[in-house]
There are 4 protein chains.
Amino acid sequence: MGSSFGHLLRIATWGESHGGGVGVTIDGCPAGMPLSEADIQPDLDRRRPGQSRITTPRDEPDRCEILSGVFEGRTLGTSIAILVRNTDARSSSYEDFRHVYRPGHADYTYQAKYGHRSWQGGGRASAREAIGRVAAGTVAKRILEAAFGARVTAWVQQVHTLTAATGWEGVTPQQVEANMVRCPDPQAAERMIARIEQARDEGDSVGGIVRCVASGIPAGLGDPVFDKLDADLARAMMSIPACKGVEIGSGFGGITMTGREHNDAMYMADGRVRTRTNFAGGILGGISDGEDILVSCAFKPTATIGHPQQTVDDQGNAVTLKARGRHDPCVLPRAVPIVEAMMALVLADHHLRQVGQRGALTPFPG
Amino acid sequence: MGSSFGHLLRIATWGESHGGGVGVTIDGCPAGMPLSEADIQPDLDRRRPGQSRITTPRDEPDRCEILSGVFEGRTLGTSIAILVRNTDARSSSYEDFRHVYRPGHADYTYQAKYGHRSWQGGGRASAREAIGRVAAGTVAKRILEAAFGARVTAWVQQVHTLTAATGWEGVTPQQVEANMVRCPDPQAAERMIARIEQARDEGDSVGGIVRCVASGIPAGLGDPVFDKLDADLARAMMSIPACKGVEIGSGFGGITMTGREHNDAMYMADGRVRTRTNFAGGILGGISDGEDILVSCAFKPTATIGHPQQTVDDQGNAVTLKARGRHDPCVLPRAVPIVEAMMALVLADHHLRQVGQRGALTPFPG
Amino acid sequence: MGSSFGHLLRIATWGESHGGGVGVTIDGCPAGMPLSEADIQPDLDRRRPGQSRITTPRDEPDRCEILSGVFEGRTLGTSIAILVRNTDARSSSYEDFRHVYRPGHADYTYQAKYGHRSWQGGGRASAREAIGRVAAGTVAKRILEAAFGARVTAWVQQVHTLTAATGWEGVTPQQVEANMVRCPDPQAAERMIARIEQARDEGDSVGGIVRCVASGIPAGLGDPVFDKLDADLARAMMSIPACKGVEIGSGFGGITMTGREHNDAMYMADGRVRTRTNFAGGILGGISDGEDILVSCAFKPTATIGHPQQTVDDQGNAVTLKARGRHDPCVLPRAVPIVEAMMALVLADHHLRQVGQRGALTPFPG
Amino acid sequence: MGSSFGHLLRIATWGESHGGGVGVTIDGCPAGMPLSEADIQPDLDRRRPGQSRITTPRDEPDRCEILSGVFEGRTLGTSIAILVRNTDARSSSYEDFRHVYRPGHADYTYQAKYGHRSWQGGGRASAREAIGRVAAGTVAKRILEAAFGARVTAWVQQVHTLTAATGWEGVTPQQVEANMVRCPDPQAAERMIARIEQARDEGDSVGGIVRCVASGIPAGLGDPVFDKLDADLARAMMSIPACKGVEIGSGFGGITMTGREHNDAMYMADGRVRTRTNFAGGILGGISDGEDILVSCAFKPTATIGHPQQTVDDQGNAVTLKARGRHDPCVLPRAVPIVEAMMALVLADHHLRQVGQRGALTPFPG
């Protein structure tokens, strides 16, 4: 009870790390939108394991199959079901964890909550769950692009103490995809990759910050007072595994500014209201103001490390754990498409609240 | 469409700054719980304007009336409606803003979304809306206290550049309420008050950080993968006016740690699993682990300032705005009970998901 | 947990028969719509007790106050709160029922569920709860009228064994309001009134059928497969106190027809698809087809009767109950505006799903 | 937007008649419950086409695969995904309907709503969608059985004008499954079968009534005032394809009774409150009273008939349609497991609201 997300564009993910597969249903997608597996696969490829030397070696092609909701190449307006089979599921790698609670992981909390858990690769708490999010995110991005020509772009801004010199504006998907760490600052990217490799070699791990920008979003999205756009974005991002912090616009950095510095001065340009700065991150009172939507997410260092750790087993015995299993020394490069997906899902949901199912058909069936 | 919050404990707030009043309905509160206006008023008093020299001079007693859901001093299990009348509503103070969009406020975005807005004191975007949250939060706190003896305590940790020396543990309500800025570090509190007064005197404003701890919460609350406890907390906090960032546990600070440093080692104590540190903030995989729940919220500097600002009016003319109206130079002292309320509401909702309506009756009617 | 209804037009009622009052919040109403207490009062007057000699003598003016969501005579797009105070609340009339479970009433089930109940006049299970529905229904009717010129009209079709000669088409509000039983067939109305008076004089009660038609609704409303228009209507109607059955179009009567007789032949008229007959009741596959929406509701005979009845008290003792309290010998005349309200709320909700919040503004702010 | 159902036990179905398959996700099932494909298949077999000479000859084995949510033979408490592939999907059979709106079907309304539809076998409006419901219903029945030893049993009570002599009590699954029409009155069953065969031979179709009883349900399920148990049941049943009417207990038949006759007298037995009669159908004020829950559903005659019909095509031309395609002359025998499923899903959802996720674990993980 908690696997669905969204109000008018409602997704539900399912699947464990080592079950029959993972997937998603997408309910509320406008009818008539061109969609095929080939549209979705590129984003899944950006998330899939084994894509580079700084990601886990678990080798999953993560091929998706659309099972429903698309007919003759276009969406039907009814529920879209997408399936990705698990293939490289070596449950034996996890045999050591059958009775042991890994620090920083959800083993103990799942056991405490459910009394029965899949101990293979994190089960439902595995980042494989995010496959469904990414697939749904592709659909959401296409809705936004068709409606507004809007773009959603995320990238790695910081790894451990290494920060990119990248500002909020002008980042292109090409810059992001130009290197395996997905940082648009090439010099920083090299240092980040080295830092991640060092962590891996030391049996350790590192975290960092992913930034995400949505441009082209009109004013008016967001439903005060609880379904505010920033509130829904915060929930969306914090629901991503390993995320521990979310900022909109200036975020925690805005604290050391005064109101005179922080208020974004307003002016008219091309017939619409604009702001000179964007400390608000494109959201005022929970409603988009037409500027870029700016979100930052903090990801903790990967919980799986090679170094021995003190923990307990399910009988309450103290245990020294030396992790095996396949994992990423830094989750951020693969988190980038997930952050984009969650941003797009929130925005598309709020777009549909504005225009409704019929309004959403406009770009498509003609 | 967006004024309700929660799944099993569902609240809905209503009301504008200058309408007939503000209020809340609380649906799903367990039956049999003692409740009266006298239980709710103290938290409202902590939020009300005019309570100290560093808050707005608008003088509202904010007296609440319980209209339904309580019979013979105990809750009925059905919807509780609470009403607070607006009394000191001087709409004339806002006449200058009838056609002008104040920077940092929601005037423009409400106009863009709805095409018709209450320009008096922010209307629905006013912090008066939070009265309903605070009243509901009192109910939620009582549910948690009856169930677990749990406590929810928030305080001001930082104002502008001034940080309290307060750690996460051991803060008492008495320490928080000992000064008008609600900072449990008395030396920092004095400096904070001076800083707020300076901002007020300069026609400026400051922001800061509110921290909140829930202690006594058992393991098992939170519903992966979207209704994770941290995700719901992030949404709850980010929905508070002026909040721009949310952290769980280590938050953005955890980024500069490695996995070896950040993973909280597990051990047994008193027959249950504990962690040596609490960088996780009491939540693993979206489920509480039995440690204290730790949340930090960044609040931007108050948007209303006395200094002249560049902006536009609703006809697209450039305007220099010099704000009048009554406001707080720093929202944080009055945000403390709101943060507590949102924390309590999320936790009580997840508690009810665990034990159900019947299970929730246990402490009361029996 | 269960006091809210609707997805994009979301209402929540609150209040008990003998508490401080009853009311409703309406979230998602389009902005800019003219609205005042004077618009709502007429529907409340049609539902209020004491309106005629065949209704309960409890004398309540049921005056409504709009507390929020309306500014300068037009809706704000944010939550509308409406309050009706209870005035003629003679709790002493119910003292005999403090410990006794009345047959056919919810006394026992509320006690079994909540362990604490308001024994005065049914508490939350009182038909006074429907005041909030009726007030919200007025708002929904106005949305439908502004969008489509649509009309929602209900009437009493049957009382006990007495059936009106009225067909589905052409019934006007004037015909319905022409007599106190709200049956558009004047001859049947007279007999129905006599039958109700006979029941009252015998300390007995009668039930019947309320029909409701919505005309002017376009094709396309309804969301398969669970939020079908007919499914939502069935829930809406069955949630009205005393309703025991719901039919769409032919309903149970369609059973004795064959497919050849029951299928509504299609043809073109004025450039749109029409059907020769309307056994479908305006809904195919859960989606409106542009014909009138036809719903019938069965209401049981009023549970409160004057005749002695066998029952038990809350200690498990057998009791002979002779009811006092004020009640209606037949609920149908006062149920008419409630049925209209629920029909309108479902249709307006589905209309908003189609056009969204922005689309819904079209008739209003200009 | 409308493919999900339930609040704490939340299912979502997906799939079209002729796409890759159909399926369901079940979110909120308690952890630790034994579950395998073998548990689900028998109910699917009761619904599958080609099971007898009075059902459609489309031959689908409807084999289910559990893709997630079950580990080592027991449920995990997280989302259960179930897939059934379409195999005998002869889309060519439907080529004639590509541009024609079949009377009594959802062809026109889907086109009007979505502007793009799957014209093969009804697409999403096909009764194949109910496969997901039936699979989820099996899970719900097991939850109810484990919690209360409760049983849910549906049967065919009437076909066209032929009514079974069966009362509400004592019907066994064995009696229901003893004949292909699923009527526990063997004499009536024979006549019903003959009537269905006659309809088929005449290119016609017939409808009827399915009754459903849930026994062993305790008092206290149902959430006034909108999530009343009867309201949720009405929605659940009316969402089944071809259902046009729903009754609880006495339903429309109760209209010709007076209050004295209809009120169920209360008495004590075995320490609990019972009623002498059960015209209420086990529900008072929207809450179960501990008696059997009684529901009747009216199903219209199958819309697909062999006889020529007048209709229009998607260009607005008048067309005489002579249906081909494979279909049932009477849907009722195959609707029986669907009705059971919807009854069980509503009851299990309300049971989980009462006891919560933790409470629901009690019978299982031990």
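Strand β11 of chain C pairs with strand β11 (residues 243-248) of chain D in the antiparallel sense, over three bridges. Within this pairing, Glu247(C) stands opposite Gly245(D). The model is a predicted one.

**Symmetry of chains C and D**

- Chain C superposes on chain D by a rotation of 180°, with 0.0 Å of shift along the axis and an RMSD of 0.0 Å.
- The two copies are thus related as by a two-fold rotation axis.
- Arg235(C) has the C-alpha nearest the axis in chain C, at 2.3 Å from it.
- Both copies use the same surface: 100% of the contact residues of chain C recur in chain D.

**The contact between chains C and D**

- On each side, 86 residues take part: 86 of chain C are in contact with 86 of chain D.
- Several elements of chain C each supply at least two residues to the side that touches chain D, among them β1 (4-5), α2 (107-114), β10 (208-215) and α6 (229-238).
- β11 (243-248), α7 (259-262), β12 (266-269) and β17 (309-312) of chain C also each supply at least two residues.
- α6(C) gives the most to this side, with six residues.
- By class, the side of chain C that touches chain D has 37 nonpolar, 32 polar and 17 charged residues.

**Strand β16 of chain C**

- How many of the seven residues of β16 (residues 293-299) of chain C are buried? Seven of the seven are, so the strand is largely enclosed by the rest of the structure.
- In a regular strand the side chains alternate between the two faces of the sheet.
- Ile293(C), Val295(C), Cys297(C) and Phe299(C) point one way from β16(C). Leu294(C), Ser296(C) and Ala298(C) point the other way, and all of these residues are buried.
- β16(C) pairs with β10(C) in the antiparallel sense over seven bridges. Here Leu294(C) in β16(C) is the bridge partner of Val213(C).
- β16(C) also runs antiparallel to β11(C), and five bridges join the two. In this pairing, Cys243(C) has Phe299(C) of β16(C) as its bridge partner.

**Chain A as a whole**

- Chain A has eight helices and 18 strands.
- For 366 residues, a compact globule would have a radius of gyration near 21 Å; chain A has 21 Å, which agrees.
- Along the principal axes, the C-alpha atoms of chain A fill a box of roughly 65 × 50 × 35 Å.
- Of the 366 residues in chain A, 70% are buried.
- Among contacts in chain A with a separation of 6 or more, 70% are between residues 24 or more positions apart.

**Ala125 of chain A**

- Where does Ala125(A) lie? It is in the loop between α2 (107-114) and α3 (130-148) of chain A.
- Is Ala125(A) buried or exposed? It counts as buried, because 26 C-beta neighbours lie inside 10 Å and the cut-off is 20 or more.
- Leaving aside neighbours within four places in sequence, Ala125(A) is in contact with Ala106(A), Tyr110(A) and Pro241(A), and also with Pro224(B) and Gly285(B).
- Leu83(A) is 42 residues from Ala125(A) along the chain, and their C-alpha atoms are separated by 18 Å.

Definitions and conventions. Residues are numbered from 1 along each chain as its sequence is written. Chains are lettered from A and ligands numbered from 1 in the order in which they are written. This is a predicted model: local features need pLDDT of at least 70, side-chain atom pairs count only at pLDDT 80 or more; totals for chains, interfaces and linings use all residues. Copies are superposed by least squares on the C-alpha atoms of residues with pLDDT of at least 70 in both. Two residues are in contact if their C-beta atoms, placed from the backbone, lie within 7 Å. Helices (H or I, at least four residues) and strands (E, at least two) are DSSP runs, numbered from the N terminus. Ala, Val, Leu, Ile, Met, Phe, Trp, Tyr, Cys and Pro count as nonpolar, Asp, Glu, Lys and Arg as charged, and the others, Gly among them, as polar. Two strands pair if DSSP finds at least two bridges between them. A residue is buried if 20 or more other C-beta atoms lie within 10 Å of its own, exposed if 12 or fewer, and partly exposed in between; C-beta atoms are placed from the backbone. The radius of gyration is taken over C-alpha atoms; the globule rule is 2.2 Å times the number of residues to the power 0.38.
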